[in-house]
Amino acid sequence: MKSDRISDLPWDVLNSILLHLPLRDAARTSLLSRKWRYKWASLSQFVIDDKCFTNSLPDKARWGEVRRIFHQVQSNHCGPIEKFKLAAYCYPDHSDLDEWIIFLTLKGIKELILQDFSFVRRFKLPSCLFSCPQLICLELHGCIVKLPSTFRGFSCLKSLQLTQVSIISETLEHLISSCPVLERLTLLNIDHLSILRIHNQNLKYLKIDSQFEDLSLESSPLLASVHICMIPMNTTMPVYHPRQLEGGKPSNLIRVLGCLNGVKKLTLSSYFIEFLANGNLPERFPMPLLNLSFLDLKEMRFTSLKDIAALFAILRSAPNLEELVISAGHSNEVISRTVVDFLREQCLYDFFFSQLKVVRFRGLCSTIPEWEFLRLILAHSPVLESLIIVKYGIERVPQSFLLHLERASENLKITSLTL
C-alpha cells in the first residue's frame, strides 16, 4: 500500500498549504480520510468571509454556519491562532462572539479583524481583549470600546482601525497613546467624539472619516500620510462651525496642521478645509512643509474666500509639492468679486510651484474662480508635465481654448475629459 506523503508532512507545512485555500475549501479536506477530519480546525489563521457560504443561504441564517465553525475549532484546535478575520455580512449573536474572542485571547491572537457585519446594537468587547500583549493588528466594527482599569497598553500593536465604534474621546486618546509602536490609525464613523487628540510618537499613517468637533495632532512627529474627512455634526445646517475663533487669534490651519513637518501625503475634505480656515489666516506656515509632495483637496469651495486663502497658505508652504489633486464642490453661493480679485492678485506674487509635475482638477463647472486658479497654476509651474481637467456636462473644454492659456512649462500635456 502506497504511503500518503501529504498526510505525513510536518504540520507547519500542511498549515501553510491549507492557509492558501478559502476556509470553506480547507474544511472540505475533512472528507479525505479520518486522519484529515479535523486538520482544518487546527489552522493558525481563520478568515470567515462571503466565500464560506452558499449563495442560497439567507443573511440571517449565516450566523448558524459561523457558530458551527466556532464549535468545531474550539473543540479540536491545537496550538496558537495568530489571525482571525470576520468579514462576512451576517447577524452575529453577541454571546457567541464574546465567547469566541475570549477563546482567541487564550490562543495568543496577533491579528483580530471584525468588519462589515450587520448589527442592531453595538457589541461590547470583553475586557480580556485588552490584555493581549501579542496583538499586532486590531480592526473593530460595530463595537463598544471601554478600557478596563487594568489596561496597560498594546506594546506590539502596529495597526488600529475602528469603524462605527462607540468610544469617548478620552478613552480613544488613552488607547492611541498607549500603543508605543503604532504605525497606522484609521477612524471611520466613530460615535461620541468631541475633541480628537492623536498623540503618538511612532504614528506614520492617519485616516479620519468621521464626525468630530476639534482635532489635535501634536506629538505625532512621524506622520507621513494624513487623510482627514470631517463630517459635520449638525447635518441640518449647511456647514458646522466648530470652535469659532476671535479675529487675531491663531487659525485652526496652523494650530492643527502646523506640527506636520514630516507629512508627505495630505488629503483634506471640504468641511475640514472650512474648519481649518477658521481664524486669522497667515500667508504661509511658520515652518514650511518641506516633505509634502502630494496634496488632495476634496469638494473644494471656490466660492469661499477663507477656504481659498487656506489653500494658498498650504501651497506657499509646500515648496516641494509634485502632485496636486482637486475636486470642486458644488455651491449655490454667489461668486463674490473679492474671491476673483484675490485669485488674480496671487498671479502678481513672485512665487512658483517649482516641483509641481501633475495637476488633476475634477468637477470643473467653468466658474471664473476655477479658471483663475487654473491660469495661476499654469503660469507658475515651470516643470508641469500633466494637467487633467474633468468637466461636468457632456462637452469637454475646447482644446483651442486650452492652447491659448499662458503656461510656464514647455513640456505640458493637457487632457480634457467629461463626467
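Predicted model: local features only at pLDDT ≥ 70, side-chain atom pairs only at ≥ 80, totals over all residues.
Residues are numbered from 1 along each chain as its sequence is written, and side-chain values use heavy atoms, without hydrogens and water. Local features need pLDDT of at least 70 and side-chain atom pairs count only at pLDDT 80 or more, while totals for chains, interfaces and linings use all residues.

**The largest pocket**

Select Arg24, Ala27, Trp40, Arg68 and Ile69, which lie nearest the centre of the largest pocket among its 13 lining residues. A pocket here is an open set of points on a 1 Å grid over the protein atoms alone, where a 1.4 Å probe fits, with protein on both sides within 12 Å along at least five of seven lines; lining residues have an atom within 4 Å of a point. Next, colour α3, the source of the largest share of the lining, four residues.

**Salt bridges**

The structure holds 12 salt bridges, each a side-chain nitrogen of Lys or Arg within 4 Å of a carboxyl oxygen of Asp or Glu. Select Asp191 and Arg122, whose closest N and O atoms are 2.6 Å apart.

Move to Arg255 and Asp214, a salt bridge with its closest N and O atoms 2.9 Å apart. Asp214 is buried at 3% relative accessible area, whereas Arg255 is partly exposed at 28%; buried means under 20%, exposed over 50%, and partly exposed in between, with a 1.4 Å probe and protein chains only.

Then select Lys298 and Asp296, paired in a salt bridge at 3.2 Å between the closest N and O atoms.

Note on methods. Helix = DSSP H or I, 4+ residues; strand = E, 2+ residues; numbered from the N terminus.
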